[in-house]
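Work through the exercises below with the model open. Each task is followed by a stepwise solution.

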Amino acid sequence: MPYKRFEKSTPSPKLTKTPALGLDADNLSEDLRHYYTHHLGRYRECRLVRYAYDALAMTIRDRLMERWKKTRDAYVETECRQAYYISLEFLMGRSLGNSMLNLGIQGTTEQMLYDLGLDLEELAEVEQDAGLGNGGLGRLAACFLDSCATLQLPVRGYGIRYEYGMFRQLIKNGCQVEEPDHWLRWENHWEIARPEYQQRVSFGGRTEYFKDQYGELRARWVDTWDVVAVPHDIPIPGYKNNTVNTLRLWRAQATDEFNLEEFNAGDYAESVATKMDAEKITMVLYPNDSSENGKELRLQQQYFLASASLQDVFDQWDNTFGEDLSLFAAKNCFQLNDTHPSVAVAEMMRLLMDEHDLAWDEAWQITTRTMSYTNHTLLPEALERWPVHLFKKLLPRLLDIIYEINGRFLKEVAARWPGDIERQRRMSLIEEGPVPQIRMAYLAIVGSYSVNGVAELHSKLLQQGLFKDFYEMWPEKFNNKTNGVTQRRWMAHCNPELSKLITRTIGEGWVTHLDELARLRDSVEDADFRKEWRQVKQANKERLADLVLRETGVHFDSEAMFDVQVKRIHEYKRQLLNILHVIHLYDRIKRGDIADWTKRCVLIGGKAAPGYIRAKEIIKLINNVAQVINHDPAVGDLLRVAFFPNYRVAAMETICPGTDLSEQISTAGKEASGTGNMKFMMNGALTIGTLDGANIEIREEVGAENFFLFGLTAPQVTEARKHYNPESLINDDENLSRVMQLLKAGHFNQFEPGIFDPIIHSIGDPGDPWLVAADFASYVAAQERAAEAYRDQGHWTRMSILNAAASGRFSTDRTISDYNRDIWKLESVPAAPLVKNGIS
């Protein structure tokens with residue numbers, strides 16, 4: 001390694017203590033001007049906002065840095081138990097606003113900038129969203145880290161520093177077009193490179209067996225090709241508590257930059273081939289794995305993350321406790337965020353046996369006492385499976401270990417259920433067939449001491465369906481941890497005027513104890529309070545209307561109901577059902593059926609995976625329908641429809657506060673939890689939804705009368721599939737018949753004949769797993785109830801307040817407290833106080 005680490009026996013350089021940096025306007029202003037002129041070399045005449053943002057980011061980061069060091073020192077000095085959250089996604093969003101909020105200097109900074117002739121909102125727009133995630137999985141991970149820091153729990157996140165995010169979504173001729181999301185084009189001031197902690201990750205090669213000095217058979221992984229994992233750390237501040245935790249992201253680089261001999265010989269491409277092969281591992285979030293090369297790259301990403309992270313933890317252990325691993329399980333635990341990092345189970349065994357010379361039983365005991373697994377999906381096709389031949393090519397040593405785990409595990413199964421060969425086949429980590437596959441979710445279950453779902457229904461369905469055999473074997477492993485979101489970003493930061501109103505009414509305790517929002521119920525009959533609530537919502541809707549106009553060119557009337565569905569485009573999330581209802585509303589307008597009409601603006605947004613053809617077809621349909629409706633003079637302002645391009649965290653921070661009706665309409669039994677539903681609820685939106693995921697718990701909290709329920713339940717969905725006849729449903733429903741007739745007639749694709757035929761066929765297909773036709777009539781009826789409720793603005797406002805008041809259960813502070821109580825069992829560790837004016 002080219003970088004020398006400070007070993008335990010090597011004292012770090014002694015540095016003089018300096019007073020804490022001030023959080024007042026004068027100190028902030030002085031540091032900002034210093035960075036602007038001395039570090040960035042800019043003059044007053046420079047009008048590019050970019051450099052003012054750079055100077056501000058570095059000024060704020062300095063305040064985080066001193067708290068960051070104090071936090072790390074506290075963890076090291078107390079030798080506390082720590083947890084490590086390993087996730088392939090962290091959808092962090094922008095850091096500037098969140099950092100100012102958690103430092104408690106948002107207002108001070110805004111005023112300081114105003115005095116300098118600068119606008120905080122303009123500067124904040126310069127920052128790129130960190131392209132480290134796609135949807136709910138990555139955003140949940142980001143919320144979790146925020147709550148861990150706020151609760152002062154010693155938790156470190158581990159992820160990948162993707163050079164390019166998911167992709168930048170453009171809409172051309174109604175179709176999704178993907179462009180690279182180079183979010184690191186400009187310097188990222190919110191990360192610190194830590195090359196001194198780099199790790200070496202191996203691929204390929206073969207397993208070599210030998211006998212050690214005691215005559216014991218050992219294995220080593222030889223003839224590998226290696227890459228270097230370089231960490232970049234991002235500070236995660238807690239809310240006004242001086243704790244700053246760490247998100248460590250790994251970047252892949254080659255062991256050698258390029259082959260000078262080949263370069264001098266004129267073979268320029270080959271001279272940098274090794275460098276390119278290494279760097280592509282962290283180049284793109286979720287490479288398209290429809291090809292063999294794509295599958296190989298995705299498996300490389302998963303192992304790269306797991307191996308670098310585990311090696312890093314072992315290095316920290318060695319530097320603090322030495323080579324004695326007897327207390328390792330008592331001091332460390334790992335949370336695998338979904339199935340992607342489950343290869344960590346086998347990698348932990350490899351490191352313990354091959355690098356730390358432990359015997360199998362001792363290594364397995366440590367592994368199964370430190371690993372815990374969160375499942376986020378009920379879709380069997382979404383569970384990671386890797387061809388055995390691919391593992392043999394890339395990770396031969398780990399394949400040996402997985403085979404051994406499987407052999408020992410199946411022996412346990414056989415002992416528990418003698419002669420039940422079918423059960424052994426179902427539970428095997430290796431799925432037999434023409435192309436044998438490794439079931440990575442099963443590996444995670446077998447190797448973990450805790451397995452949790454993320455909503456009550458989801459956890460129940462895992463136990464009764466997807467993982468039933470494992471639940472019967474180890475019921476004590478399984479538990480539920482209902483997801484949440486952080487109210488600091490999703491209320492305090494993104495909805496400042498509502499936050500001020502709430503704080504004036506019940507105090508500011510809700511920012512760290514969201515259940516205090518229940519006290520808003522006492523104000524629901526206060527006419528002045530309701531008036532202020534409506535005024536805040538109206539201002540937020542106007543902000544959202546401005547954003548929609550800028551992004552789509554579609555004008556939204558802020559007096560209309562804002563009906564919003566923004567999330568990843570997937571058939572089970574049923575954006576198709578939403579647009580069928582929009583067509584139904586359009587049909588009503590064209591027929592003159594507009595008595596007691598409620599004006600409605602429908603906003604749909606989200607990205608489709610590049611290889612997901614049906615999802616892309618749905619995007620095209622939404623845009624074509626919007627084009628027809630928005631340009632039909634007969635429709636006017638009765639109905640507006642827009643597809644929001646390149647949906648992202650920063651956009652959601654405006655969309656969420658301005659939404660009236662939140663669409664959570666997945667097929668029952670398919671959505672694990674959902675977290676968008678929680679963000680909307682906190683900000684006073686009402687939900688229209690099925691009994692799916694966390695919708696069930698939201699409805700329990702807010703009351704059935706404040707939730708627009710429709711659709712089949714999960715058991716009814718299972719039963720309906722046995723005799724599903726969508727054509728009969730279409731023929732018997734006059735509304736759906738007219739909608740289908742408009743589609744079949746090509747009304748929304750007059751110059752593109754046949755392009756929506758696959759969608760039309762899927763709706764009428766008895767094999768449609770999403771049961772779109774089955775839920776249509778119930779969905780229309782629920783929409784009519786919502787429209788009627790919206791016309792009574794006094795009643796709607798009461799329902800809005802009650803939704804926010806009932807959202808306390810859905811804070812990640814509660815979720816993380818549950819994880820910690822039942823799984824991690826960490827102690828809160830406050831950081832030492834900062835030195836102020838030379839006095840500690």
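A polar contact is a pair of N or O atoms within 3.5 Å. The model is predicted.

**Exercise 1. Find which backbone nitrogen a side-chain oxygen of D24 reaches at the start of α1.**

Step 1. Take the side-chain oxygen of D24.
Step 2. It comes to within 3.2 Å of the backbone nitrogen of D26.
Step 3. Now look past the helix: G41 follows α1, with a positive phi near 65°.

**Exercise 2. Check the span of helix α1, residues 25-39, against its end C-alpha atoms.**

Step 1. The helix has 15 residues.
Step 2. The expected span is 1.5 Å times one less than that number.
Step 3. So α1 should span 21 Å, and its end C-alpha atoms are 20 Å apart, which agrees.

**Exercise 3. List the buried residues of α1 and what covers them.**

Step 1. Buried here are L28, S29, D31, L32, Y35 and Y36.
Step 2. Their cover includes α2 (49-78) and α4 (106-115).
Step 3. Recall that an α-helix has 3.6 residues a turn, so residues three or four places apart point the same way.

**Exercise 4. Describe the largest nonpolar core.**

Step 1. This core holds 114 residues; F304, F391, L395 and W824 touch the most other members.
Step 2. Helix α10 (residues 292-321) gives the largest share, eleven residues.
Step 3. Beyond four places in sequence, the contacts of L395 include S202, W221 and Y303.
Step 4. A second, separate core has 66 residues, among them L639 and Y724.

**Exercise 5. State the confidence of the model.**

Step 1. Mean pLDDT is 94, and 95% of residues reach 70 or more.
Step 2. Over residues 1-9, pLDDT is below 50.

Definitions and conventions
Residues are numbered from 1 along each chain as its sequence is written. This is a predicted model: local features need pLDDT of at least 70, side-chain atom pairs count only at pLDDT 80 or more; totals for chains, interfaces and linings use all residues. Side-chain values use heavy atoms; hydrogens and water are left out. pLDDT is the predictor's confidence in each residue, from 0 to 100. Contact means heavy atoms within 4.5 Å. Helices (H or I, at least four residues) and strands (E, at least two) are DSSP runs, numbered from the N terminus. Buried means under 20% relative accessible area, exposed over 50%, partly exposed in between (1.4 Å probe, protein chains only). A polar contact is a pair of N or O atoms within 3.5 Å; within protein, one must be able to donate a hydrogen and the other to accept it, and residues adjacent in sequence count only if both atoms are side-chain atoms. A nonpolar core is a set of buried Ala, Val, Leu, Ile, Met, Phe, Trp, Tyr and Cys residues joined through side-chain atoms within 4.5 Å.
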